[in-house]
Each structure stands twice: as structure tokens, then as C-alpha cells.
Amino acid sequence: MPLSQKIGFIGTGAITDAMVRGLLSDPAAVPHVVVSQRSAEISAKLAVDFPQVSVSIDNQAIVNACDTVVLAIRPQIAEEVVRPLKFRDGQAVVSVVAATSRSALLRWIGGDVKLSQAIPLPFVARRKGVTAIYPPDAGTAALFNVLGNAVECETKEEYDLLAAASALMATYFGIMHRTTEWLAQNGLPEEKGRAYLAPLFAGLSDTALLAGKDIAFIEMSHEFATKGGLNEQVFRDFEANGGSRATLGALDRVLARIRG
């Protein structure tokens, strides 16, 4: 399904920046993008970097001019930004507003729009992102397939679970940081630790991607844990000292927050 000819973004933060850069990477996937002036620094930089980008100070003008409107505003101000806007019946609206229910968004919009929710991650800037969307929608899936891969969720429960899983990103980098610190404390310069760990973790991710659905992650864990070896020892320590319990507990709590 072809993408919209003109896509507008209300809210110009990090995710808007990443999505626009992904959409307009060579070859550009859309001919024209309109972004709101907030934040002025990001929107101005996008307009300098891409001739296809125009900046609008008027959110209603963005809605009027665009086939697809992406709501990319902070949840704290979402209602006050969205309620005054007048959308066309049947207009495509994609919300990337975090922790905000679909019913609330529809109530604020007040019109008969085609509303999708999505969880784009920063990697969409490199067209490497995997994005959960709900409900399934061909147009929204086409948008995020350009930016990597779209995962269409059949139910809100599926969507909420993937949203919770995406909250592990900071922990991933936190593990790398703590390991780099430990290496430095034991005599390895930090730059060498980073140079080793980043490709090590990237290689593990590539292994998981290449395995697809055929091999369970726990089987890969066993494959990388030689009997009586170092990897087996660390994973056993992780389990015995509550690592898995802490991870699952954190996921339970973030899911409860997402569900309100």
C-alpha cells in the first residue's frame, strides 16, 4: 500500500526527528513532511537537512494540509493540544503518545478518524526499527515497514505487552554500562571495553534474528553456555540472585502502569 503524499507531525521531539529522518533517508519514502515548530531547534534542523520538510506554527494547519497526521506529543499535554483540533472524517491519525488510551484519544479527537497507535523506537531513523501498531491497519503498517518492520497487534492486550517489553531498552544499555565500569575498575580502559562489548551484543542480536522462530531464546542460552563453563556460571548466578525475578517483576509493574 503506498504511503500518504503528505505526512504531518504534531510535536517535534526525538521520535519525530527519528521518524522524519527515516522517511526521508535516500531514497525518500514521501514527497512532503510538515512538522510543528515545537521544538524549534529540532524542527529547524530537519528543515535545513531535508528540502521536503516544512515547519508550521499552526497545528490546525498541519491537520488541514496532511493526509496522515502523527501525534507525537508528551502525554502530560496531549489533551490540551489535541482537543481543539478539527480532523476530517476518515483522516488517518497515528498516535505515538505514550501511556495514553485509545478511548481517551478518540474522545479528544471527537471525529470519525482512522486512529492507529504505535510504539516507534529511535532505530527508525536508520530504517532499522521494529514498531508495534494497534489495531492492524494497512496504511500504518506501510509507514512503519518503510522504517523497519511493523508488528500488527490483533488486540490491545498484545500491544500493551509489547509496550512493556520495549521498556527493557534502558536496562540493556545499563548492563553494558555496568560491565564497562567493572572492566575499567579491573584495569581495562573504558574505550576498549566499549569497543569489545558493543559488537559482542550486536552479534548476539544478529544470532537471534537469524534464528527466527525456529529456536527458543532459552535454547540459545544453553547453546552459548558450555557445561561447567563461564557463561553457565554467570547465568546461574543471575538466576540464583534474583535477576530473572527482578526483571519479571519490573515488567509486571510497567504493564500495570501502561494499563492504568
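**Exercise 1. Determine whether I7 is buried or exposed, and list its contacts.**

Step 1. I7 has a relative accessible area of 2% and therefore counts as buried; buried means under 20% relative accessible area, exposed over 50%, and partly exposed in between (1.4 Å probe, protein chains only). The model is a predicted one, in which local features need pLDDT of at least 70 and side-chain atom pairs count only at pLDDT 80 or more, while totals for chains, interfaces and linings use all residues. Residues are numbered from 1 along each chain as its sequence is written, and side-chain values use heavy atoms, with hydrogens and water left out.

Step 2. I7 lies in strand β1 (residues 6-10); helices (H or I, at least four residues) and strands (E, at least two) are DSSP runs, numbered from the N terminus.

Step 3. Apart from neighbours within four places in sequence, I7 is in contact (heavy atoms within 4.5 Å) with L23, V30, H32, V33, V34, C66, T68, V70 and L143.

Step 4. The C-alpha atoms of I7 and I175 are 37 Å apart, and 168 residues separate the two along the chain.

**Exercise 2. Describe the surroundings of S56.**

Step 1. S56 belongs to strand β3 (residues 53-56) and is buried, at 13% relative accessibility.

Step 2. The side chain of S56 comes to 3.1 Å from the backbone oxygen of D58.

Step 3. Residues up to four places away in sequence are again not counted; S56 then touches V34, V35, S36, Q37, A61 and I62.

**Exercise 3. State how many salt bridges the structure holds, and examine three of them.**

Step 1. There are nine salt bridges in the structure, a salt bridge being a side-chain nitrogen of Lys or Arg within 4 Å of a carboxyl oxygen of Asp or Glu.

Step 2. D49 pairs with R21, with 2.8 Å between the closest N and O atoms. This pair links distant parts of the chain, since D49 is in helix α2 (residues 40-49) and R21 in helix α1 (residues 14-24), 28 residues apart. D49 is partly exposed, at 31% relative accessible area.

Step 3. R83 and E79 form a salt bridge with an N to O distance of 2.7 Å. R83 is partly exposed, at 41%, and E79 is also partly exposed, at 34%.

Step 4. D137 and K114 form a salt bridge whose closest N and O atoms are 3.9 Å apart. D137 sits in the loop between β7 (129-134) and α6 (138-146), and K114 in strand β6 (residues 114-119), so that the pair links parts of the chain 23 residues apart. D137 is buried, at 18%, whereas K114 is partly exposed, at 46%.

Step 5. Salt bridges with shared partners join D17, R21, K45 and D49 into one network.

**Exercise 4. Describe how helix α8 packs against helix α9.**

Step 1. Two packed helices are described by the angle between their axes and the distance between the axes.

Step 2. The axes of α8 (residues 169-185) and α9 (residues 190-211) come within 9 Å and cross at roughly 145 degrees. Axes are lines fitted to C-alpha atoms, for helices over the stretch in contact, and angles run from 0 to 180 degrees between N-to-C directions.

Step 3. On the α8 side, the contact residues are Y172, I175, M176, T179, T180 and L183. Helix α9 contributes E190, G193, R194, L197, A198, F201, A202 and S205.

Methods. Polar contact = N/O pair within 3.5 Å; in protein donor to acceptor, adjacent residues only side chain to side chain.
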